[in-house]
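Here's a quick tour of a few helices and strands. Have a look at the fold before reading on.

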Amino acid sequence: MKILLLGSGGREHALAWKISQSPLVSKLYIAPGNAGTRLVGRNVPIKATDFEAIRQFVIAEDIDMVVVGPEQPLVEGIYDYFRNERYVRNVPVIGPSKMGAQLEGSKDFAKAFMQRHGIPTAAYRTFTPDTIAEGKDFLRTLQPPYVLKADGLCAGKGVLILDTLEEAERELEEMLGGMFGQASSRVVIEEYLSGIECSVFVLTDGRDYKILPVAKDYKRIGEGDTGLNTGGMGSVSPVPFADAEFMKKVEKRIIRPTIEGLREEHIDYRGFIFLGLIRVDRDYSCAKAGDPMVIEYNVRMGDPETESVMLRIESDLVDLLCGVAERNLGSRKLTIDPRTAVSVMLVSGGYPEHYEKGFPITGLDTVEDSIVFHAGTKVAVAEDGTEQVVTDGGRVLAVSSYGANRKEALATSFASAKRIEFEGKYLRRDIGSDL
């Protein structure tokens, strides 16, 4: 079969790497892809949100399945677009409908959904520019730190955690005044949850589901979880505290109610669900210390967790995706590799603030013991006509490795990272240390 994968980051390279291993696949295209995805498929210069160009390509190349990597095309409704277009309506799109994608596209929608279905999450209220005064009153009922979330998509930058009431009131005004554009025209204020986080991934056909390997990612730029938030500096799978007892609670209290809630509300959802969870370390109104609570939903795989999770899926991913498309996922087999997998991000100097692009990357061909997933790279042609892989983003490469344990896997990734060079290269050396 012929598959078109949408996206251009490290998540998409990891998905492409796994998809390309399937004997079911004859051709894999990635739109637009990066310098790494071209090693496992053919890059196509089409934006992931250019639905008409994607439709034309699907028809011209007789594509059998479209796999959506990033959230933007899902929130903009690519699933519905295909269902409503005569010549592509029978081509399965792996991802939720536009309504289903609101679980990520609107924090208010997601919180209200959880509330309707009794899914444990932080207490919250949503405010608009007309209700700033009420928002400030609500802040005064909470204990610090204060959590403010832009309702819409902000590329991972729309969440503020503030230590003082004065800061929270000021930032609330700025958010509702347009700090994040239309995305913060509504702001969700919620109570702060204390504990340790993990990422649980579910693949569902809307009826049945498979729970993929659990991972933990690291968002802060600085070691010791300090500094600004990033798109993710590394990930580890499995997560020791997400043991059988914890995951039994996750399945019973969160996963099943989520899938059943989508069905009850007649929301068409066939794809990945990311559950950003926290194992709380004290009692809350809807959970006891040690229990899982939901911080957020995403409607796709996480990044950089995918770069670790894909290493641990032994099964044919395409077979599972076919199960999603055909709504018989329950009959498909998911086998998990028992080894530890880790990913360490190499990022550009200055990230997540100002950074420069276009620096040559060397040493990629010397890495032997790790898998290097490209996140922000492209191929540049030098004056002499030779091709050179150069940096093209803040997060550049995810150096991913197996190990018998976390320490061994991390040592391998750090050793491989030493072989790779580009100007301003930076990485965190404490990934997984909190576990």
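Which residues of helix α7 (residues 132-139) are buried?

## Helix α7

Bear in mind that this is a predicted model. In α7, the buried residues are Gly135, Lys136, Phe138 and Leu139. Looking down the axis of α7, you'd find these buried residues within an arc of 160°, so they line one face of the helix.

As for what that face meets, the buried residues of α7 pack against the strands β6 (124-127), β7 (146-150) and β9 (187-190), plus helix α8 (165-179).

## Helix α2

Helix α2 spans residues 51-60, and its buried residues include Phe51, Ile54, Arg55, Phe57 and Val58. Those residues take up an arc of only 165° around the axis, which means they sit on the same side of α2.

Just past the end of α2, Asp62 has a positive phi of about 55°.

## Strand β10 and its partners

Now for strand β10, residues 195-204: eight of its 10 residues are buried, so call the strand mostly covered. One partner is strand β16 (residues 271-280), paired with β10 in the antiparallel sense over 10 bridges. In that pairing, Ile196 sits opposite Arg279 of β16.

Strand β11 (residues 209-211) also pairs with β10 in the antiparallel sense, over three bridges, with Leu203 opposite Lys210 of β11. Four residues lie between the strands of this β10 and β11 hairpin, where Gly206 takes a positive phi near 95°.

Key:
Residues numbered from 1 in each chain as written. Predicted model: local features only at pLDDT ≥ 70, side-chain atom pairs only at ≥ 80, totals over all residues. Heavy atoms only, no water. Buried < 20%, exposed > 50% of the residue type's maximum accessible area, 1.4 Å probe, protein only. Helix = DSSP H or I, 4+ residues; strand = E, 2+ residues; numbered from the N terminus. Pairing = 2+ DSSP bridges. Arc of directions from axis to C-beta. Contact = heavy atoms within 4.5 Å.
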